[in-house]
Number of protein chains: 2
Amino acid sequence: MGGEVARYRHEALAVILQVRDYSFGPALAVLAWRRRRPPFAGDWALPSGPVGPSEAIGASVRRLLAAKVDLGEIAHLEQLRTLSAPDRDPSQRTIATAYLGLVPATSRPDLPDHAEWLPIDRLPTMAFDHAYVVDEGVARMRAKLSYTNIAFALAPEEFTLAELRDIYAGALDQDVAVTNLQRILLRRGQLAPTEGYAEPGEHGGRPARLYRFTTRELEITDPFAVLRPSR
Amino acid sequence: MGGEVARYRHEALAVILQVRDYSFGPALAVLAWRRRRPPFAGDWALPSGPVGPSEAIGASVRRLLAAKVDLGEIAHLEQLRTLSAPDRDPSQRTIATAYLGLVPATSRPDLPDHAEWLPIDRLPTMAFDHAYVVDEGVARMRAKLSYTNIAFALAPEEFTLAELRDIYAGALDQDVAVTNLQRILLRRGQLAPTEGYAEPGEHGGRPARLYRFTTRELEITDPFAVLRPSR
């Protein structure tokens, strides 16, 4: 009882994800860069920075991201998890709160030097517990793909069903059938056709209808309608 | 560059939920007690305490809960959210990480003085941002009822379908049809009949079959099986 209460350095951390086209197909990538200073100099790390004395952590994340990428490219940002193992930073005790951000597949934000998109299924060694934080961010995003409309933040404003299938396939790292995807998203009221058509591809064929998400803000699909008595 | 990095007091916080029987029916309640010291002396608050110098926050939560209730009664515990508004504690800057804990409906843990279960739909004024934290905990629990087997942590080891219906109805604050609930949970492989039957109630009638959850650890329902190509 009494005595000094311990105080800690507190850091904001960001897992920024985007589905990108690779030679091996569409795949999820995370924004990272090489650390120039110890600890873990030369390793890849997530964007991070200290929380200021008069800032909430969400404001710190926005400030530190704004210094790296155009914030307008981040279509969704939410708090992910706080990391607090006493030895996670060998230089001093640091508690870190990680945020998850999603960037539409067609965005090409300017990146600062030393920053790159790394495909998440072949991550290099990462500093601190950042590889674990990436796993947590990917798991959260995948869970929310099932019970929310969060895919709006991975997709551009308008897209063909084939393009949306590629985004889901990359985000989930699994095959996705266009017809099942269309049926589920239409039934949930998440997807709507537009008046537009895509430019025909180099192989010609019928032009494909463009679709859009009905809402570009996070909404939870009502999962319990089905439990209600039918009377 | 250089200069002092700010350091903050860091607190662990717990939202412990249980479905309880009230005169108005089964309803969700949260564990809280009255603060004896300022700030907010006399107001209701969630269990909380400072994070120790060599502790991760999860360890702090378990330590502070163990001083209040039998930890064995908490069937599920997970990190919920970190609260960091600079003015959330008027006495000093405090960042708090909240955990969500679930107690089975039949558990009756001994409570210390000043502690009570408060029904969440008629909460009194709460200290700090604790009313908001309760809302976040309830929203997380309800979302997870839809895409995980988390209901195991609200239910006893064995239960009749009518008892399980009451637990879902209290947790969701909505009517729940036993037949729909049974169909969905059986289809997901979450529910299994036991060999046992409940004692007949005071009105007699056929004894009701007892059921159990197939797993009492958190599992995510595979939501994307449906998206896979059928070949």
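I started at the strand pairing between chains: β1(A) and strand β1 (residues 7-22) of chain B run antiparallel, joined by three bridges. Two strands pair if DSSP finds at least two bridges between them; strands are DSSP runs of E, at least two residues, and helices runs of H or I, at least four, numbered from the N terminus. Tyr8(A) has Tyr8(B) as its bridge partner.

Ground rules for myself: this is a predicted model, with local features needing pLDDT of at least 70 and side-chain atom pairs pLDDT 80 or more, while totals for chains, interfaces and linings use all residues. Residues are numbered from 1 along each chain as its sequence is written, chains are lettered from A in the order written, and side-chain values use heavy atoms, without hydrogens and water.

Next I looked at the whole A/B interface. Chain A and chain B each put 48 residues into the contact (heavy atoms within 4.5 Å). They bury about 4,000 Å² between them, 58% of it on carbon and sulfur atoms (accessible area lost on being put together, 1.4 Å probe, summed over both). I looked for salt bridges between the chains and the rule finds zero (side-chain nitrogen of Lys or Arg within 4 Å of a carboxyl oxygen of Asp or Glu). On the side of chain A that touches chain B, α2(A) gives the most, with six residues.

Then I went inside chain A, which is divided into domain 1 (9-146) and domain 2 (148-226), bounds from an automatic or database assignment. Their C-alpha centres lie 26 Å apart. The two domains bury about 1,600 Å² between them, 68% of it on carbon and sulfur atoms. Salt bridges across this interface: the rule finds zero.
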